[in-house]
Amino acid sequence: MASSSSHFEDFLPLMANKLGGDGLIGELCNGFNLLVDSERGVITFDSLKKNSALLGLQDLSDDDLRCMLREGDFDGDGALNQMEFCVLMFRLSPELMEESQFLFDEALLQEFKHYC
């Protein structure tokens, strides 16, 4: 494998099938909590770089990590909040997006109920 490319194995569809919508969101939140900057409450470049090995992402370059942050940063603050992180994880899983749009909508609806 060339050093300039990263291999990504998509386990999200398998997790969705095994855990269901609520369980999958719970696991995504656990992943967020592993990567979060505890002082700011969001995933920053530094917290992502520091903690990425916990999720098997130690081979990603700084450019890959910055790209990931930019891809998910909808509000433009340079960091990922919990909702941005969860949406990014779904967007990075084309198989899950193709097969389970309904599951995604249902899980997000449940999460929004917890915030209201």
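**A close look at one residue**

Tutor: Leaving out residues up to four places away in sequence, Glu84 touches Gly72, Asp73, Phe74, Asp75 and Ala79. Here a contact means heavy atoms within 4.5 Å. This is a predicted model, in which local features need pLDDT of at least 70 and side-chain atom pairs count only at pLDDT 80 or more, while totals for chains, interfaces and linings use all residues. Residues are numbered from 1 along each chain as its sequence is written, and side-chain values use heavy atoms, with hydrogens and water left out.

Is Glu84 buried or exposed? Glu84 is buried, because its relative accessible area is 5%. Buried means under 20% relative accessible area, exposed means over 50%, and partly exposed lies in between (1.4 Å probe, protein chains only). The side chain of Glu84 also reaches the backbone nitrogen of Asp75, at 3.0 Å. That is a polar contact: a pair of N or O atoms within 3.5 Å. Within protein, one atom must be able to donate a hydrogen and the other to accept it, and residues adjacent in sequence count only if both atoms are side-chain atoms.

Now widen the view. Glu84 sits in helix α4. Helices here are DSSP runs of H or I with at least four residues, strands are runs of E with at least two, and both are numbered from the N terminus. Helix α4 covers residues 82-91, and seven of its ten residues are buried. They are Glu84, Phe85, Cys86, Val87, Leu88, Met89 and Phe90. At the start of α4, a side-chain oxygen of Asn81 comes to within 3.1 Å of the backbone nitrogen of Met83.

Next, helix α3. Gly72 is one of its buried residues, along with Leu65, Met68 and Leu69. Seen down the axis of α3, these buried residues fall within an arc of 95°, so they line one face of the helix. The arc is that of the directions from the helix axis to the C-beta atoms. The buried residues of α3 pack against α2 and α4. The face of α3 turned away from that buried side carries the exposed residues Asp63 and Arg70.

Another residue to look at is Val42. How far apart are Val42 and Glu84 in sequence and in space? They are 42 residues apart in sequence and 9.7 Å apart from C-alpha to C-alpha. Val42 lies in the loop between α1 (12-35) and α2. At 12% relative accessible area, Val42 is buried. Not counting residues up to four places away in sequence, Val42 touches Phe32, Val36, Asp37, Ser47, Ala79, Leu80 and Asn81. Ala79 is also among the residues that Glu84 touches.

Ser47 belongs to helix α2. Ser47 is buried, with a relative accessible area of 5%. A polar atom of the Ser47 side chain lies 2.9 Å from the backbone nitrogen of Thr44. Apart from neighbours within four places in sequence, Ser47 is in contact with Leu35, Val36, Asp37 and Val42.

The structure holds one salt bridge, a side-chain nitrogen of Lys or Arg within 4 Å of a carboxyl oxygen of Asp or Glu. It joins the side chains of Lys49 and Asp62 (2.5 Å, N to O). Lys49 is in helix α2 and Asp62 in helix α3, 13 residues apart, and the pair links distant parts of the chain. Lys49 counts as partly exposed, at 42% relative accessibility. Asp62 is partly exposed too, at 30%.

Between these two helices, α2 (45-51) and α3 (62-72), comes the loop that holds Leu55. Leu55 is partly exposed, at 37% relative accessibility.

Finally, the whole chain. It has six helices and zero strands. Buried residues make up 37% of its 116 residues. Among contacts between residues at least 6 apart in sequence, 48% join residues at least 24 apart. The accessible surface comes to about 7400 Å², and 53% of it belongs to carbon and sulfur atoms. Accessible areas come from the Shrake-Rupley method with a 1.4 Å probe; for residues, only the protein chains shown count as cover.
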